[in-house]
Amino acid sequence: MIDFLFQTLWALDATLRVATPLMLCAMAGIFSERSGIVDISLEGKLLSGAFVAAAIASLTGSVWLGLMGAICASVLMSLLHGFACITHRGDQVVSGVAINFLASGLTVILGIAIFKRGGQTPTLSSGERFRPIELWFVDAMDNIPIIGVIYRELISGHSLLVYVALLCVPIASFILYKSRFGLRLRAVGESPIAVDSAGVSVTWLRYRALIVGGVFCGIAGAYLSISHGANFVREMSAGKGYIALAAVIFGNWRPVRAFWACLMFGFLDAITSRLQDVDLPLIGEVPAQLMSALPYIMTIILLSGFIGRPSPPSAIGVPYKK
Amino acid sequence: MRPLPRWADLILLPFINLCTAFFVCGIVVYVIGENPWEALKVMLKGAFIYPGSLGYTLYYTTNFIFTGLAVATAFHAKLFNIGGEGQAYVGSLGILLATAMFAPFLPAIFVVILCIICSAAVGAAWAYIPGYLQAKRGSHVVITTIMFNFLASSLMVYLLAGPLIQLGQQSPQSDLIPESAQLASIETFLSLFGINIASSPLNLSFVLAIFALFVFWVLIWKTRLGYEIRAVGKNQDAANYAGINVSRIIIITMTISGAFAGLLAVNEVMGVQHRAILNFTAGYGFTGIAVALMGRNHPVGIFFASLLFGALFQGGAELDFEFQSITRDMVLLIQGMIILFSGALAYMFNPALSKIFNQFNKNGVDND
């Protein structure tokens, strides 16, 4: 029983850690897509954030400057996306693909030019990373059976950015559903012409949505390289931006549901390594590749309308022309 | 303001976009402390001058023609097939299957033809599903083809590291395909006629690629199906009203697109590696997007865009040897810039250019 509890706690703990960048990127995706801009450049923003965070943290020794840099880099990518597909009404998917290419190329080129380590950044010392935080009353809570363990092992002891990511979900939800900006943002994704005729600038609204998304992706990138990891490695985003996009769809473009999708995908990822060479009852051994493909398979099945009906923003992907 | 003259729209504007892309890359090279001009010279030499380099360039060109055609076919129906990478990857399964089934008892020429057909068929099947899902269930091909790339990658890792792994091998790769299914390299082929050229991976699939360009041209502009594909791309409602079965065309277009992508496996598996290896697609499928955008979905454009990217890939490899701080990763940046300026920002210079042309016309140099 105790063993099972620890196993579960361990899996959930790992889930949270894997799901953190997914949550942040998914929120970014929701903001962008709810405003009507397809965002497959999440991957590229995540990657550039990760590189800049690690590079600045290693050059200056400051995690905070690293985080700021990551946010700036990611927002810059967002602005480029906006410049191409809002200002110049270019194809949003093409622009996203371009940004992903630029990110893969630039991070490695700049990495080699600055650090001369084949595209990696130097390993950061513990002072240059976000360290795990011990929450209040951990020791006091230890006296309570089970809850004390859960509090110590699962809830406490993560880096600041994990808590930031968890906070981002209610914040995103609040902005989208309770603020004037959120109302307009949702409206511009459904019917930009209505927003325009109400005298609100479609362009500026969509730019703001992309900037908010850039901030989220930047934090996610910093998490990858200066919190979860201790340096930048080439292509370290490894498709997480696309999984986050899948989570956005899975969550039907709603923050809380996307949050659960991220946790589910994170959980799948976390238990994959555990399930290797394990015979499950009835099923037998599950190939690790099948496990890693599951998020995509589930998203495809969901998108095909076999489980419920996805309802994307109606104006998504269509450039707005006055 | 009148629109741009045709030649400016077809040649001048894409040329300006391309130059802008290279210019921005040049700035990046300059910023990291190297001479962009030198880098360009090294790339050109590496792509065309050194012995065998032209062969390598054309070998890459072959890949890009296939993936470029895949993307372009879908573009004509206004579909965005990002899945070329995955379709090409699983295309190799068709070849392995065909060699296992037919190689033991059929003469080489039939084996080769069946292999080519099977690689196209498996690539087509991989694209059929996203096409079907878009046409019948309303899920967007952009998302589904991205997902299918990941699925293809997982599937191939599983197969190449498991059931298909070469016996006694640790690295994930299949057995060698039988000799009857291997395509002759151009070098061997030309030596039959007494012509000796430097060794390179260029093989007879280059001929297949040129043939594919021709097939594409006939299909899109000379057949009823091509007309229907373009009609669906221009306006689905109008096409529907004209009696074209739109969902059928969407499915067929995606299938053809996947077939072109699947042919990439012919070059890599039958022509060069002679086996399926891990990640042999190496991003060629994504480069196809840049190729189609630059080539404006026309076979002639696609050929030259493929040649450009072939030269970039081959010349980019040369950067590794000649420079301290720029590597072949430069090619990723160039690709990104080309997709950005020739794709997403394709019409950025349009207003400025129109103004210039109108100015000319006002001054009495009216020639249309």
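A crossing of two helices is called left-handed if the near helix is turned anticlockwise from the far one by less than a right angle, and right-handed if it is turned clockwise. In the predicted model described here, helix H13 of chain B passes H15(B) in a left-handed crossing. Two packed helices are described by the angle between their axes and the distance between the axes. For H13(B), residues 284-294, and H15(B), residues 330-344, the axes come within 9 Å and cross at roughly 35°. On the H13(B) side, the contact is made by Thr287(B), Ile289(B), Ala290(B), Leu293(B) and Met294(B). The residues that H15(B) supplies are Gln335(B), Ile338(B), Ile339(B), Ser342(B) and Gly343(B). Sorted by class, this contact has 6 nonpolar and 4 polar residues, and no charged ones.

The loops on either side of H13(B) were also examined. Most residues other than glycine have a negative phi. His274(B), which is not a glycine, has a positive phi of about 60°. This residue is placed in the loop between helix H12 (264-273) and H13 of chain B. Arg296(B), likewise a residue other than glycine, has a positive phi near 50°; Arg296(B) lies in the loop between H13 and helix H14 (299-322) of chain B. His274(B) counts as partly exposed because it has 18 C-beta neighbours inside 10 Å, and a residue is buried if 20 or more are present and exposed if there are 12 or fewer. Arg296(B) is also partly exposed, with 18 other C-beta atoms within 10 Å.

Chain B as a whole contains 16 helices and 0 strands. Its radius of gyration is 22 Å, close to the 21 Å that the globule rule gives for 368 residues, so chain B is as compact as a globular protein of that length. The C-alpha atoms of the chain fill a box of roughly 75 × 60 × 40 Å along the principal axes. Of the 368 residues, 53% count as buried. Among contacts in chain B between residues at least 6 apart in sequence, 75% join residues at least 24 apart.

Ile65(B) counts as buried because it has 34 C-beta neighbours inside 10 Å. Apart from neighbours within four places in sequence, Ile65(B) is in contact with Ala209(B), Ala212(B), Leu213(B), Ile302(B), Phe303(B) and Ser306(B). The C-alpha atoms of Ile65(B) and Ile210(B) are separated by 8.1 Å, although the two residues are 145 residues apart along the chain.

Between the two chains, 35 residues of chain A are in contact with 36 residues of chain B. On the chain A side, the elements that give two or more residues are helix H3 (63-87), helix H4 (92-115), helix H11 (240-250) and helix H13 (288-303). The largest share, 14 residues, comes from H4(A). By class, this side has 23 nonpolar, 11 polar and 1 charged residues.

Among these elements, H11(A) has 11 of its 11 residues buried, so H11(A) is largely enclosed by the rest of the structure. The buried residues include Lys240(A), Tyr242(A), Ile243(A), Leu245(A), Val248(A) and Phe250(A). Their cover includes helix H1 (2-34), helix H2 (42-60), helix H12 (255-275) and H13 of chain A, together with helix H6 (141-161) of chain B. Just after H11(A), Asn252(A) takes a positive phi of about 55°.

Technical notes. Residues are numbered from 1 along each chain as its sequence is written. Chains are lettered from A and ligands numbered from 1 in the order in which they are written. This is a predicted model: local features need pLDDT of at least 70, side-chain atom pairs count only at pLDDT 80 or more; totals for chains, interfaces and linings use all residues. Two residues are in contact if their C-beta atoms, placed from the backbone, lie within 7 Å. Helices (H or I, at least four residues) and strands (E, at least two) are DSSP runs, numbered from the N terminus. Ala, Val, Leu, Ile, Met, Phe, Trp, Tyr, Cys and Pro count as nonpolar, Asp, Glu, Lys and Arg as charged, and the others, Gly among them, as polar. The radius of gyration is taken over C-alpha atoms; the globule rule is 2.2 Å times the number of residues to the power 0.38. Axes are lines fitted to C-alpha atoms, for helices over the stretch in contact, and angles run from 0 to 180 degrees between N-to-C directions.
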